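Good morning, colleagues. I would like to take you through some helix packing in one structure; please look at the sequence and the model first.

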Amino acid sequence: MEQTLIDNIDRKRSIIDKISATKFGPIPSFIDLNTGEYCNRKCSFCPRYDSSLYPNQNLFMSLSLAKKMADDLYDLRFQGIINICGYGEPLAHPEICDIVRTLSKVAHVEIVTNGDLLKLHLIKQLYESGLSQLVISAYDGPHQIPKFSKLMIESEISDSLFNIRKRWYSKEEGYGIKLTNRAGILNNEMSNIELSRPCAYPHYSLTIDWNGDVLLCVQDWHKKLKFGNIFSESIESIWFSKRMNEYRKNLINGRSCAGSPCKSCDADGLVFGKNHLEEWTKYLK
């Protein structure tokens with residue numbers, strides 16, 4: 001695994017692994033947020049590579065939804081990370097700075113970007129809006145490292161507040177990332193699905209789509225499992241719902257117990273959230 005990826009995992013783990021429990025169970029410590037359905041790239045390891053599988057759409061999260069989300073997280077006393085990445089390129093959102101400003105009032109906000117749309121003024125605006133961390137994926141080659149580094153230096157952003165990840169590796173080298181089959185949507189020749197292996201995604205993380213739908217996890221690109229919508233329900237009520245608890249209990253015993261799409265997913269599932277899974281085990285006996 002590439003060193004910058006390891007460093008980024010270690011940095012996030014220090015926040016994600018902190019458990020804040022209630023009488024109903026631990027609250028989430030990580031939220032994957034999809035702010036839009038458009039990306040300017042078609043990477044071969046992404047479902048968007050095939051438009052028949054996952055077409056680009058000009059659909060974006062509204063600012064009113066971001067405000068509802070911030071209110072819900074405040075009520076829940078959320079203290080974790082909101083990771084703006086999801087299924088599209090975050091910087092393509094026309095109001096991305098306003099969304100960061102809204103969410104940064106209640107959480108540590110990060111953006112994962114391919115860097116193509118980064119400009120000096122935008123970087124400054126993002127951090128002035130309250131961005132905690134910018135993670136830049138360099139897909140084209142080593143020449144991008146000095147380019148992105150120069151931008152960040154000119155922006156006067158501390159080295160600790162951004163990461164530049166090497167992503168220009170070949171298919172044989174795994175593209176420099178931990179590849180998954182996106183819960184079965186991609187035909188990953190190297191896929192190794194361990195059906196008996198537990199998965200901690202729904203024990204520590206929540207995935208919220210651009211329209212407010214709450215998904216099982218960020219790996220489910222088919223968006224097969226939806227547990228509610230935060231426009232009509234609170235994040236707290238969805239997180240502690242009977243249906244989500246059923247999936248948590250099943251995934252403690254292995255992904256074969258949870259059915260589709262989990263039984264088709266080759267994601268590790270335990271990179272983060274082991275502490276939360278163990279804590280949930282006490283509540284779900």
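Which exposed residues does the face of α10 turned away from its buried side carry? They are E278 and K282. Exposed denotes over 50% relative accessible area, buried under 20%, and partly exposed the range in between, with a 1.4 Å probe and protein chains only.

Let me state the basis of the values. This is a predicted model, in which local features need pLDDT of at least 70, side-chain atom pairs count only at pLDDT 80 or more, and totals for chains, interfaces and linings use all residues. Residues are numbered from 1 along each chain as its sequence is written, and side-chain values use heavy atoms, with hydrogens and water left out. Helices (H or I, at least four residues) and strands (E, at least two) are DSSP runs, numbered from the N terminus.

To remain with α10: its buried residues are H276, L277, E279 and W280. They fall within an arc of 165° when seen down the axis, so they line one face of the helix. The arc is that of the directions from the helix axis to the C-beta atoms. Among the elements covering these buried residues of α10 are α1 (3-16), β1 (21-22), β2 (25-26) and α8. Contact here means heavy atoms within 4.5 Å.

I turn now to helix α8, residues 242-252. Its buried residues are M244, N245, Y247, R248 and L251. They cover an arc of only 160° around the axis, which puts them on the same side of α8. An α-helix has 3.6 residues a turn, so residues three or four places apart point the same way. The cover over the buried residues of α8 includes α7 (235-239), α9 (255-258) and α10 (274-283). Just after α8, G254 takes a positive phi of about 120°.

How do α8 and α10 meet? Their axes come within 10 Å and cross at roughly 110°. Axes are lines fitted to C-alpha atoms, for helices over the stretch in contact, and angles run from 0 to 180 degrees between N-to-C directions. The two helices are therefore roughly perpendicular; the classes are roughly parallel under 35 degrees, roughly antiparallel over 145, roughly perpendicular from 65 to 115, and oblique for the rest. N245, R248 and I252 in α8 meet L277, W280 and T281 in α10. By class, these residues are three nonpolar, two polar and one charged.

From α3, I96, C97 and V100 meet L122, Q125 and L126 of α4. That contact has five nonpolar, one polar and no charged residues.

Helix α4 (residues 120-128) also approaches α5 (residues 144-154), their axes coming within 9 Å and crossing at roughly 55°. This pair is therefore oblique. Here L120, I123, K124 and Y127 in α4 meet L151, M152 and E154 in α5.

Finally, consider I111 in strand β5, residues 108-113. At 0% relative accessibility, I111 counts as buried. Leaving aside neighbours within four places in sequence, its contacts include I96, V100 and L126, three residues that also take part in the contact of α3 with α4.

Methods. Nonpolar A, V, L, I, M, F, W, Y, C, P; charged D, E, K, R; others polar.
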